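Good morning. I will take a few minutes to walk through one protein model. Please have the sequence and the structure open while I talk.

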Amino acid sequence: INAMKNNMVVGPVGHLQELPLLRDTTPLLNHLTMESNRLKKEIAQREELLSKIDEETESVEKERVKAESVNVNLRRQLQDYIVPEVIDYVQVRADLYDLTKTLKTWERKVDIAQMELQKYQKQWMLMREHSRSVNPWATMEQHAAL
């Protein structure tokens, strides 16, 4: 039994002889086993890669469908779009210019009115102070009436 482990067999005379077939095929068997293991790993890696590619393909297909939907909507909007006439654009710009001018004019008028108001308020305060200094009894009479 121990002799068989060493690729030896007991011959007819009782001498140990090597088995040539087993000796020659053992390295080949080892090589083929290693090659088989390597190929199994490579197949597993490629199946995993194929799985990832399938997932990515599904994702890309969903994005394509979504983009196609958006594209259809944009094409529909483009077909429905009506470009205004140039004269309409020119008219709107002229109206905008006129309104801007009117707004600036009114702002200047408001500024002038505010300056006049301040001027009249100041004059009123001076006249009131002057009338109090001329007739100090006027303020006392007002307080007594209250």
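I start with a term. A surface patch here is made of residues with over 30% relative accessible area and no salt bridge, and nonpolar side chains are joined into one patch within 5 Å. Keep in mind throughout that this is a predicted model.

With that term in hand, which residues form a nonpolar patch on the surface? They are Val86, Ile87, Tyr89 and Val90, and together they have about 450 Å² of accessible area. Val86 belongs to helix 3, which covers residues 86–134. Is Val86 buried or exposed? Its relative accessible area is 63%, so Val86 is exposed.

Now the overall layout. The model contains four helices and two strands. If you read along the sequence, the pattern is α-β-β-α-α-α. The protein has 146 residues, and 1% of them count as buried. To count as buried, a residue must have under 20% relative accessible area. The accessible surface of the protein is about 14300 Å², and carbon and sulfur atoms account for 61% of that surface.

Next, the charged side chains. How many salt bridges does the count come to? The count is six. I will go through some of them, in helix 2.

Take Glu35 and Arg38. They form a salt bridge, and their closest N and O atoms are 2.4 Å apart. Why can these two be partners along the chain? Both sit in helix 2, residues 20–80, and they are three residues apart, so about one helical turn separates them. Glu35 has 27% relative accessibility, which means it counts as partly exposed. Arg38 is also partly exposed, with a relative accessible area of 42%.

Further along is the pair Glu42 and Arg46. Their side chains meet in a salt bridge, at 2.9 Å from N to O. These residues are four apart in helix 2, about one turn of the helix. Glu42, at 27% relative accessibility, counts as partly exposed, whereas Arg46, at 56%, counts as exposed.

Glu35, Arg38, Glu42 and Arg46 are linked in a network of salt bridges.

Then there is Lys52 with Glu48. Here the salt bridge has an N to O distance of 3.6 Å. The cut-off for a salt bridge is 4 Å, so this pair is within it. Lys52 and Glu48 are four residues apart in helix 2, so again about one helical turn lies between them. Lys52 is partly exposed at 49% relative accessible area, and Glu48 is partly exposed at 46%.

Last, the aromatic rings. How many aromatic pairs does a search of the whole structure find? It finds zero. Lys109 lies over the face of Trp106, at 4.8 Å from the ring centre.

To go back over the main points: the nonpolar patch is formed by Val86, Ile87, Tyr89 and Val90, the salt-bridge count is six, and 1% of the residues count as buried. That is the end of my part.

How values were computed:
Residues numbered from 1 in each chain as written. Predicted model: local features only at pLDDT ≥ 70, side-chain atom pairs only at ≥ 80, totals over all residues. Heavy atoms only, no water. Patch = residues over 30% accessible without salt bridge, like charges linked within 9 Å, V, L, I, M, F, W, Y side chains within 5 Å. Areas by Shrake-Rupley, 256 points an atom, 1.4 Å probe, with all protein chains shown as cover. Buried < 20%, exposed > 50% of the residue type's maximum accessible area, 1.4 Å probe, protein only. Phe/Tyr/Trp six-rings, centres within 6.5 Å; stacked < 30°, edge-to-face > 60°. Lys NZ or Arg CZ within 6 Å of the ring centre and 35° of its normal.
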